[in-house]
Amino acid sequence: MGGKNPYIEETNYTPAAKKYKVTFVKQGKTVEVDPEKIPYGHDGIPGSLLDISQGFHLGLDHACGGVCACSTCHVIVHEGLESCNEATDAELDQLDEAPGVTPKSRLGCQCVPNGEKDLVVEIPDWNKNYAKEADH
Ligand code: FES
């Protein structure tokens, strides 16, 4: 899947212009994001946390293919959230469906860091894709 959701407002974001790091705490892995290599995968907004997760095989579930139509890509951005685009109303509506939402919660497919800060991100343990797509 992948692509855009025609039923929601366009998401505004500033693509990263320089390299930065994202630490995925549950995986114990820090990756370096290189703007030259974006998009890493084919789901979510290019340069989003879902895109980065796909590029580094970090296993963030994404039942709708990254078009802001589910809540399985829920992540918690512990550090660096201020360098990310603002959540749209559509994203916030979907986040309402996710368990364990915090003030630092985002949808991984919609959250795009601008590269000005390094990030610390948690993929919650309970982030399970109950409508799992086949590996592709
Ligand atoms: S993958 Fe469905 S909202 Fe992000």
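This dialogue walks through the fold of a predicted model.

Visitor: Where do I start? How many helices and strands does the protein have?

Guide: Count the elements, then read their order. DSSP runs give two helices and five strands. Along the sequence the pattern is β-β-α-β-α-β-β.

Visitor: Which strands does strand 3 pair with, and through which residues?

Guide: Take one partner at a time. Strand 3 (residues 74–79) runs antiparallel to strand 4, with three bridges joining them. H74 has L107 as its bridge partner, and V75 stands opposite R106. Strand 5 (residues 119–122) is also antiparallel to strand 3, again through three bridges. There, I76 stands opposite E122.

Visitor: How do side chains sit along a strand?

Guide: In a regular strand they alternate between the two faces of the sheet.

Visitor: What radius of gyration does the protein have, and what would a compact globule have?

Guide: Compare the value with the expectation for chain length. For 136 residues a compact globule would be near 14 Å; the protein has 13 Å, which agrees. Its C-alpha atoms fill a box of roughly 35 × 30 × 30 Å along the principal axes. Buried residues, those under 20% relative accessible area, make up 47% of the 136.

Terms used:
Residues numbered from 1 in each chain as written. Predicted model: local features only at pLDDT ≥ 70, side-chain atom pairs only at ≥ 80, totals over all residues. Heavy atoms only, no water. Pairing = 2+ DSSP bridges. Helix = DSSP H or I, 4+ residues; strand = E, 2+ residues; numbered from the N terminus. Rg over C-alpha atoms; globule rule 2.2 N^0.38 Å. Buried < 20%, exposed > 50% of the residue type's maximum accessible area, 1.4 Å probe, protein only.
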